[in-house]
Amino acid sequence: MPTSFHRETLLRQLAATPAWDLIVIGGGATGLGVALDGLSRGYKTLLLEQADFAKGTSSRSTKLVHGGVRYLAQGDIGLVREALHERGLLLRNAPHLCHNQAFIIPNYTWWGGPFYTLGLKMYDLLAGRLSLGASTHLSRAETVRQLPGLRPAGLRGGVLYHDGQFDDARLAVNLAQTCIEGGGTVLNYFPVRGLLKDATGRVAGVRATDQETGRDYELKAKTVVNATGIFVDEIRQLDEPAAAPLVQPSQGVHLVLDQSFLPSAAALMIPHTDDGRVLFAVPWLGRVVLGTTDTPVPTACLEPRAQEAEIDFLLRTAAQYLTRAPTRADVLSIFVGLRPLAAATAGSTKTQEISRRHKIVASASGLITITGGKWTTYRRMGQDTIDQAIKLGQLPAAASQTEHLAIHGAGALAEKTASPTHLAAYGSDQPAILQLIAEMPALGAKLDAQFDFLQAEVVWAARHELARTVEDVLARRVRLLFLDAAAAVRAAPTVAALLARELGHGAAWQVRQVALFAELARGYQLVDSQGV
């Protein structure tokens with residue numbers, strides 16, 4: 001069995017490398033994009049993540065690969081054009097995780113049809129040859145047919161357009177695997193505690209700790225990139241304690257409902273709610289994701305919680321458009337992500353009006369920080385960051401190779417009709433998982449009777465996807481926590497037993513892991529959330 005994805009192998013690589021060209025702090029979308037771009041240019045690259053890959057914001061998106069229809073309405077043509085280009089590349093480079101998704105904007109006013117049709121024709125035009133399909137005007141009857149569950153009273157018609165959808169956390173895992181296959185070293189549960197500086201005061205590496213062993217490391221590098229999302233200011237203050245904040249956290253809340261609330265292959269998009277936000281109801285992995293809010297919060301944390309006003313807003317707004325109004329009791333899971341928006345300036349009060357463009361800054365000591373942006377443009381963010389390091393003379397010139405770089409799993413894809421069909425998300429890894437089940441038939445059992453996720457996926461996650469905890473598996477490898485928190489709690493003991501066997505842990509570890517996961521999962525169950 002190949003051991004390239006084993007933590008022990010990666011730690012040996014760490015010990016055998018006296019100095020790196022590039023150290024990336026942060027294992028979310030941005031950090032993985034930076035690391036992969038550096039590796040594509042031939043730089044010796046190390047990525048360190050304080051928790052698990054995509055533990056924070058990068059696993060808590062609305063699951064859209066999109067240009068940003070609302071940014072078009074705001075007149076940010078350049079941002080939309082760039083995002084549409086990157087959308088097309090991502091669907092091409094990771095076809096096992098990203099696909100074309102139809103969206104419908106319902107029109108309840110006389111002017112809605114012409115207005116949105118014209119705007120979305122511009123959206124199509126900006127996508128160019130990477131377009132996912134032309135937008136079209138729909139009659140009232142066709143809108144109701146394609147969106148059963150939509151409130152028909154007062155409906156005049158709709159506009160259908162195309163964007164992308166994906167599994168965010170699984171893409172992060174696949175990017176980490178791609179980095180390893182490209183010769184990189186990536187480690188989760190390896191927080192950076194400090195920065196190394198040379199005699200001239202230039203950043204020359206990091207101090208980091210292996211959270212599993214407690215061992216401290218001093219790791220040298222030509223370039224250090226701070227790609228920690230909502231936590232970038234914490235790393236910047238290790239360099240410059242008085243540094244002014246770069247980011248203002250804004251949280252987006254998502255409610256997960258049974259698909260019976262919107263039994264459609266198409267997604268619902270409301271471009272202008274009562275308070276000016278955009279609302280989506282998107283089919284995802286057999287459920288409907290309802291979101292999102294855009295609420296400024298004072299501090300960043302790894303497990304943000306929804307405010308009661310946000311929950312009420314989502315339920316109330318959904319009730320205005322769905323024939324069956326969802327209630328708190330209908331929410332199967334609730335998850336919250338924090339966006340690292342640019343820190344507010346004078347006169348800027350609405351987070352939905354703050355630019356989603358990414359920003360790259362270099363400190364006097366040479367620490368490069370990348371913030372802002374979104375999943376769709378992760379590749380471009382990585383490219384721009386490494387370009388900046390080259391411009392500053394920190395790295396030798398080399399061209400990025402990521403534009404056409406296939407992501408792990410994007411090889412010869414298994415048939416979508418394979419049983420069980422959800423394994424298609426593993427792409428070219430699917431045959432190996434089926435072979436694992438053939439060798440150990442007991443692993444073909446489900447983790448929970450209501451879902452198709454299999455015990456074999458837990459073993460695969462431990463052996464090949466760097467999963468270390470029950471949370472890693474149920475939150476970010478098979479996504480059960482995000483689909484049905486109660487079902488995830490039921491599955492936790494089985495996952496703990498499988499992981500313990502793979503990772504060499506005893507009974508006490510299993511008990512502790514199940515208890516920790518149950519405590520975490522309470523925050524994803526609306527009946528237990530405290531709105532803090």
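Close-up 1. E218 is exposed, at 57% relative accessible area, where exposed means over 50%, buried under 20% and partly exposed in between (1.4 Å probe, protein chains only). R207 is partly exposed, with a value of 40%. The two form a salt bridge with their closest N and O atoms 3.3 Å apart; the term covers a side-chain nitrogen of Lys or Arg within 4 Å of a carboxyl oxygen of Asp or Glu. R207 sits in strand β9 (residues 203-209) and E218 in strand β10 (residues 216-226), so this pair links parts of the chain 11 residues apart. Helices (H or I, at least four residues) and strands (E, at least two) are DSSP runs, numbered from the N terminus.

A quick note on the model: it is predicted, so local features need pLDDT of at least 70 and side-chain atom pairs count only at pLDDT 80 or more, while totals for chains, interfaces and linings use all residues. Residues are numbered from 1 along each chain as its sequence is written, and side-chain values use heavy atoms, with hydrogens and water left out.

**Close-up 2. The K55–E471 salt bridge.** Of the 32 salt bridges found in the whole structure, this one joins the side chains of K55 and E471 at 2.6 Å, N to O. K55 is in the loop between β2 (45-48) and β3 (64-65) and E471 is in helix α13 (residues 470-477), so the pair ties together parts 416 residues apart in sequence. K55 is buried at 8% relative accessible area, and E471 counts as buried too, at 17%.

Close-up 3. D168 is buried with a relative accessible area of 0%, and R479 is buried with 1%.

**Close-up 4. Around L171 in the largest nonpolar core.** This core has 62 residues, and L171 is among those with the most contacts inside it, along with L14, L48, V206 and L219. A nonpolar core is a set of buried Ala, Val, Leu, Ile, Met, Phe, Trp, Tyr and Cys residues joined through side-chain atoms within 4.5 Å. Leaving out residues up to four places away in sequence, L171 touches L90, A94, L97, F166, W375 and I407; contact means heavy atoms within 4.5 Å. A second, separate core of 45 residues includes Y426, F451, A456 and F482.

**Close-up 5. T30 and its neighbours.** T30 lies in helix α2 (residues 29-40) and is buried, at 15% relative accessible area. Beyond residues up to four places away in sequence, T30 touches A227, I370 and M381.

**Close-up 6. C98, a cysteine without a disulfide.** The structure holds 0 disulfides, a disulfide being a pair of cysteine sulfur atoms within 2.5 Å. For C98, the nearest cysteine sulfur is that of C179, 16 Å away. C98 is buried with a relative accessible area of 4%, whereas C301 is partly exposed with 34%.
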